[in-house]
Amino acid sequence: TKMFSMAKNEYPDWSEAKLIDYVYEYQRRNLLFDDAHLQQVYQQTVKDIERVYGIFALTTEENNFLMWSHYSNSHKGFCIGFDTRILWEITKGGIGPVTYQKKLPTFSLFENPMMFSHKLLSTKSDIWEYENEFRIIKSGFSRKTIAIPPESIVRIVFGCQMDNKTKFNILDLVKTKLKACLVFDSTLNYNEFKVDLMRIY
């Protein structure tokens, strides 16, 4: 019964007779206990999810030393702070924190496939826990873009290795286009491995 229900969800256009034949063949070949087949199904599921869902990755860590090293060309780039309420209103996607754990997420035979998709998309190895990542996940938006309005940008933090010309160019843009946006410069702390922020606009 469960196998029939799962097949019906996966192939909603199939007739009942075709679904019954599919389930019978699945059971006859004992595929539920075939590790190679289950691995193939898992890999196909991951590909299907990647074709469907779009992800916007965010963090709460604007002054994390490792984040600046990994994601901003070694402190030469800048960090943008968003009004998450506006982001959610624009994207209409699900927003939530990433789960960090040692083991890969697993799929139970009796688990809702949508729940597994969410679990797969919002789980990372615990070695990345310092990122404190949040994700906006939206179905039907794989490899698509959504225009982010200027009013959603509320903070900009300059990397401590960013050149002054780029800083002044961004400041000019903020003064003319993003008047409600706060701007901060950053410096490396000389006592700890962290980044200190100072408001400049």
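This is a predicted model: local features need pLDDT of at least 70, side-chain atom pairs count only at pLDDT 80 or more; totals for chains, interfaces and linings use all residues.
Residues are numbered from 1 along each chain as its sequence is written, and side-chain values use heavy atoms, with hydrogens and water left out.

An open sheet is formed by 3 strands in the order β1-β6-β3, with antiparallel pairing. Strands are DSSP runs (E, at least two residues), as are helices (H or I, at least four), numbered from the N terminus. Pairing requires at least two DSSP bridges between two strands. The edge strands, β1 (53–59) and β3 (94–97), each pair on one side only. The twist averages 20° from one strand to the next. Strand β6 (residues 133–139) is joined to β1 by 7 bridges. Y53 has S139 of β6 as its bridge partner.

Helix α5 (residues 84–91) lies across β1, β3 and β6, and runs at about 15° to β6. Axes are lines fitted to C-alpha atoms, for helices over the stretch in contact (heavy atoms within 4.5 Å). Angles run from 0 to 180 degrees between N-to-C directions.

The largest nonpolar core has 10 residues, including I153, F158, M162 and L178. Such a core is a set of buried Ala, Val, Leu, Ile, Met, Phe, Trp, Tyr and Cys residues joined through side-chain atoms within 4.5 Å; buried means under 20% relative accessible area (1.4 Å probe, protein chains only). β7 (153–158) and α7 (164–177) each supply at least two residues of this core. Another core, of 6 residues, lies apart from it and includes I49, Y53, F116 and L121.

Definitions and conventions:
Buried means under 20% relative accessible area, exposed over 50%, partly exposed in between (1.4 Å probe, protein chains only).
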